[in-house]
Amino acid sequence: MRSIVYYVREFLRPEWIRKFFFAKTAPLETPSYFKGYPALTGNECTACLSCMMICPAPNAIAVLRTRDGWEPEIYPGHCIRCGLCVEACPEGVLSSGRILDVTRRDGTAFWSWYHLQVDDNLCMRCGNCCVSCPVNREIDPQLAGSGTSASDEVIMRVEGGRVRILHEEKCTGCKTCETQCPNRAIRVARMVEGVQIGEAET
Amino acid sequence: MSILQKIKNTVRSRSIHVSYVDVGSCNGCDIEVLACLAPRYDIEQYGIYVHNNPREADVLLVIGSVTPQWVDKLREIWDKIPEPKVAVAIGNCPISGCVYARRGTLTSPPVEKYIPIAAQVPGCPPRPTEILNAILSVAPLIFKDYEEKQP
Ligand code: SF4
Ligand code: SF4
Ligand code: SF4
Ligand code: SF4
């Protein structure tokens, strides 16, 4: 009996009645830290294409030529708002939510290189890849037509009947070797790793 | 404007019935639609009700980048909804196919190819607030004075 009286009293409180009929949840606001579509910060884009290369969604970002320079454009409906392009851009052209602040605070960055791989079963040792590589030609102008080279500084050369990769780190990712290979034996892959630069180094 | 139309407008503005269909997505958008029902966003305070029965629905939320099995069924669901009706595409999938828009995948976006879409909510997934705003802004456009707009 006591509890019934208590409940009736409780439900008759004007405050309770007001809340019951007119309560609204918080208005539909987007918090400031929401990671929306990346927006331009106004920094100059150098058309390095890091943003396009790291983007996981098809057709989400394109670096377009404008009247005075380059500018990345994000396409809603394709972009998944992952923010990777914001993190990958070395110039800070894009911004989204707190990403730029957090990467600056933590000193994180993406480190990328190109990985070369030759499938020995497909390769016929023609040497096209070694000869066509513009970096190779720069290092060793005497590079033979068969892909052999006396220089140890070239990216790759034909050696001992197979293509040997010596200096992967010099590759610029132009993929000339891939397009010149008649057998699709050589593959160029862009590898990305997240790194944290220590406080002392920054 | 007739009295009857006025009554209909008032009722329709506070009673929007929603049905949703996932035609092949990762389920992320379904979870955001579900979040709209939860107290944090509380979709019912805006007079929107989710029944998930196309015959009762006014608004159809389409999620996902149409897989072959859904092509005819999606059309069937759309035909079952009584007029006036409106379809809203939720997420990137029905717009572009999102991450499934690659060679060799069994999807054929966009969903516009199969049923008329009145509004699109891009995002992967969109925020619940974006979904709510889309429903709230597209519903009056279609439902207000519906009978009078008919030729
Ligand atoms: S936010 Fe992610 S999906 Fe969108 S453009 Fe940038 S990298 Fe691509
Ligand atoms: S936006 Fe940044 S990452 Fe993309 S091309 Fe320009 S400078 Fe490079
Ligand atoms: S990708 Fe370009 S730079 Fe790298 S090995 Fe091939 S040809 Fe040389
Ligand atoms: S071009 Fe291709 S087949 Fe010729 S040596 Fe290079 S990897 Fe082998």
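These legends describe close-up views of a predicted model. Local features need pLDDT of at least 70, side-chain atom pairs count only at pLDDT 80 or more, and totals for chains, interfaces and linings use all residues. Residues are numbered from 1 along each chain as its sequence is written, chains are lettered from A and ligands numbered from 1 in the order in which they are written, and side-chain values use heavy atoms, without hydrogens and water.

**View 1. The largest nonpolar core, with Ile16(B) among its members.** A nonpolar core is a set of buried Ala, Val, Leu, Ile, Met, Phe, Trp, Tyr and Cys residues joined through side-chain atoms within 4.5 Å. Buried means under 20% relative accessible area, exposed over 50%, and partly exposed in between (1.4 Å probe, protein chains only). This core has 24 residues. Ile16(B), Ile48(B), Val59(B), Leu61(B), Val88(B) and Ile90(B) touch the most other members. At least two core residues come from each of β1 (16-22), α2 (28-37), β3 (59-63), β4 (86-90), β5 (119-121) and α5 (128-143) of chain B. Helices (H or I, at least four residues) and strands (E, at least two) are DSSP runs, numbered from the N terminus. Helix α5(B) gives the largest share, 7 residues. Another core, of 20 residues, lies apart from this one, and includes Val135(A), Leu143(A), Met156(A) and Cys181(A).

**View 2. The annotated domain of chain B.** An unreviewed UniProt entry places "domain: NADH:ubiquinone oxidoreductase-like 20kDa subunit" at residues 26-137 of chain B. UniProt positions follow the numbering used here, feature names are shortened, and annotations may be inferred rather than shown by experiment. Over residues 26-137, chain B is 31% helix and 14% strand. The end C-alpha atoms are 26 Å apart.

**View 3. The residues around ligand 1.** The shell holds 13 residues (a heavy atom within 4 Å). Cys55(A), Cys79(A), Cys82(A), Gly83(A) and Cys85(A) come nearest. By class, 11 are nonpolar, 1 is polar and 1 is charged. Here Ala, Val, Leu, Ile, Met, Phe, Trp, Tyr, Cys and Pro count as nonpolar, Asp, Glu, Lys and Arg as charged, and the others, Gly among them, as polar.

**View 4. The residues around ligand 3.** Ligand 3 is surrounded by 13 residues. The closest are Cys133(A), Cys171(A), Cys174(A), Lys175(A) and Cys177(A). Helices α7 (134-139) and α8 (176-180) of chain A each give two or more residues to this shell. The shell has 9 nonpolar, 3 polar and 1 charged residues. Cys177(A) sits in helix α8 of chain A. Cys177(A) is buried, at 7% relative accessibility.

**View 5. The residues around ligand 4.** Ligand 4 has 13 residues around it. Cys123(A), Cys126(A), Gly127(A), Cys129(A) and Cys181(A) are the closest. Of the shell residues, 9 are nonpolar, 3 polar and 1 charged.

**View 6. Arg157(A) and its polar contact.** Arg157(A) belongs to strand β6 (residues 156-159) of chain A. Arg157(A) is buried, with a relative accessible area of 10%. Its side chain makes a polar contact with the side chain of Asp152(A), at 3.1 Å. A polar contact is a pair of N or O atoms within 3.5 Å; within protein, one must be able to donate a hydrogen and the other to accept it, and residues adjacent in sequence count only if both atoms are side-chain atoms.

**View 7. Val154(A) in its loop.** Val154(A) lies in the loop between α7 and β6 of chain A. Val154(A) is buried, with 0% relative accessible area. Beyond four places in sequence, Val154(A) is in contact (heavy atoms within 4.5 Å) with residues including Asn136(A), Leu143(A) and His167(A).
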